[in-house]
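Welcome! Let's look at a structure together and ask, step by step, what lies behind the words used to describe it.

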Amino acid sequence: MPTEFKQFDIICSTYEDTSDHHYVWPSYSLSPSATKKITKEWRILEKNLPDSIFVRVYEGRVVDLLRAVIIGPEGTPYHDGLFFFDIQVPSDYPASPPKVHYRSFGYDLNPNLYSGGKVCLSLLNTWPGDNEKQNWNPSQSTILQVLLSIQALVLNAKPLFNEPLYDLFSDSRPWVKKRSLRYNEKVFIKSCKTMVSLLNSPPKSFGEFVSQHFRNRASTILVAFNAYINGQANIGDPITTTVAPEISSFTSVDFKMEAAIQYPKLVESFIRNGSSLESMELLDTSKNMRKELARYQQEERDRLEKRICQLVVVGVPLLLIAVFCVKKYVL
């Protein structure tokens, strides 16, 4: 990442610089005490942000408006992605929590992140917590805590368990584990779609950041994507080689079908963004998917034949009994 792009910065801004911000209008005037609280929070952010979170505050709106980006954590279906959040400090802050909008591009890639941008989090008072300690506390809670909570509790390795009721189950149950893995596949596809959308339309003040991030990580993302399509690993698992020696069954056929569409689009976006991919072996998804489709169709034929045999074994005796009964009572 370019050294000149600081973790936290207050940037000179005009209306044009903030025109794509979800909370650009209306602006709020805060009391002197609230302004003092916000200024203190900016210092906290500047000193304590982890390497994977970047924040910009706008000089023209230094009191109430900021934008943050979180890099998807390793070991999750969000790995290497960028997730942007528009934040506004309300007029009665800190009595009320900040307003947070996820820039989703229409993709709901987490039970807590809606396609319309809503962020469900007990710390934001947008989701009921298990106890009051999880809710916003005006005397203790901070914007830094909000960002860290999103990173750790929302962008996690098993997001399905953020869904109500699923948190009651353990993934040791085979059907729950399978559903969780399939959910991660859908999340990764939507994350890749988000990458393409970000490269096509980066948020203002983060254009170069987005471009450089994906130039740096394009190969890593595609190596993992290759392995997922080949069935070499589950989504988010460590990748040890570029391409699996043969197709296996870690990932589902549905994922591979969708990936065959999204992978070339992602490659095209990375190349258009200036990534140099000559050194890596790009996957021929069309050839790969023809093999996978042929295997899938054969499995379906085998299952159908087995089902027909079962029906014949059960059905023929029942038919004979029915014929016998008809003859007995009719004749």
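Q: Where is Pro94 placed in this predicted model?
A: Pro94 sits in the loop between β4 (82-88) and β5 (99-102). This is a predicted model, so keep in mind that its values are computed from predicted atoms.

Q: What makes the peptide bond between Tyr93 and Pro94 stand out?
A: Look at omega: the angle is about 5°, and the bond joining Tyr93 and Pro94 is cis.

Q: What is the make-up of the protein chain in helices and strands?
A: The protein chain has 7 helices and 5 strands. Reading from the N terminus, the elements come as β-α-α-β-β-β-β-α-α-α-α-α.

Q: In what order do the strands of the sheet lie?
A: The 5 strands form an open sheet in the order β1-β2-β3-β4-β5, and their pairing is mixed.

Q: Why are β1 and β5 called edge strands?
A: β1 (8-11) and β5 each pair on one side only, and that is what the name edge strand refers to here. From one strand to the next, the twist averages 20°.

Q: How do you know that β4 and β5 pair?
A: Count the bridges: two strands pair if there are at least two bridges between them. β4 and β5 have 4 bridges, in the antiparallel sense, and therefore they count as paired. As an example of a bridge, Gln88 has Lys99 in β5 as its partner.

Q: Which strands does helix α5 touch as it packs on the sheet?
A: Helix α5 (residues 207-230) touches β2 (53-58), β3 and β4, and its direction makes about 155° with that of β4.

Q: Why is Ser180 called buried?
A: The cut-off for buried is under 20% relative accessible area. Ser180 has 5%, so Ser180 counts as buried. Ser180 lies in helix α4. Leaving aside residues up to four places away in sequence, Ser180 touches Lys158, Leu160 and Phe161.

Q: Is Asp80 buried or exposed, and how do you know?
A: Asp80 has 9% relative accessibility, which is under the 20% cut-off, so Asp80 is buried. Asp80 lies in the loop between β3 (65-71) and β4. Its backbone is worth a look too: Asp80 has a positive phi of about 70° although it is not a glycine.

Q: Why is Asn125 called partly exposed?
A: Partly exposed covers the range between the buried cut-off of 20% and the exposed cut-off of 50%. Asn125 has a relative accessible area of 45%, so Asn125 falls in that range. Asn125 lies in the loop between β5 and α3, and Asn125 has a positive phi of about 60° although it is not a glycine.

Q: What makes Leu168 an exposed residue?
A: Exposed means over 50% relative accessible area. Leu168 reaches 66%, so Leu168 is exposed. Leu168 lies in the loop between α3 (143-154) and α4 (174-200).

Q: How much of the protein chain counts as buried?
A: Of its 331 residues, 45% count as buried. The accessible surface of the protein chain comes to about 17,500 Å², and 56% of that surface belongs to carbon and sulfur atoms.

Terms used. Residues are numbered from 1 along each chain as its sequence is written. This is a predicted model: local features need pLDDT of at least 70, side-chain atom pairs count only at pLDDT 80 or more; totals for chains, interfaces and linings use all residues. Side-chain values use heavy atoms; hydrogens and water are left out. Helices (H or I, at least four residues) and strands (E, at least two) are DSSP runs, numbered from the N terminus. Buried means under 20% relative accessible area, exposed over 50%, partly exposed in between (1.4 Å probe, protein chains only). Axes are lines fitted to C-alpha atoms, for helices over the stretch in contact, and angles run from 0 to 180 degrees between N-to-C directions. Contact means heavy atoms within 4.5 Å. Accessible areas come from the Shrake-Rupley method with a 1.4 Å probe; for residues, only the protein chains shown count as cover.
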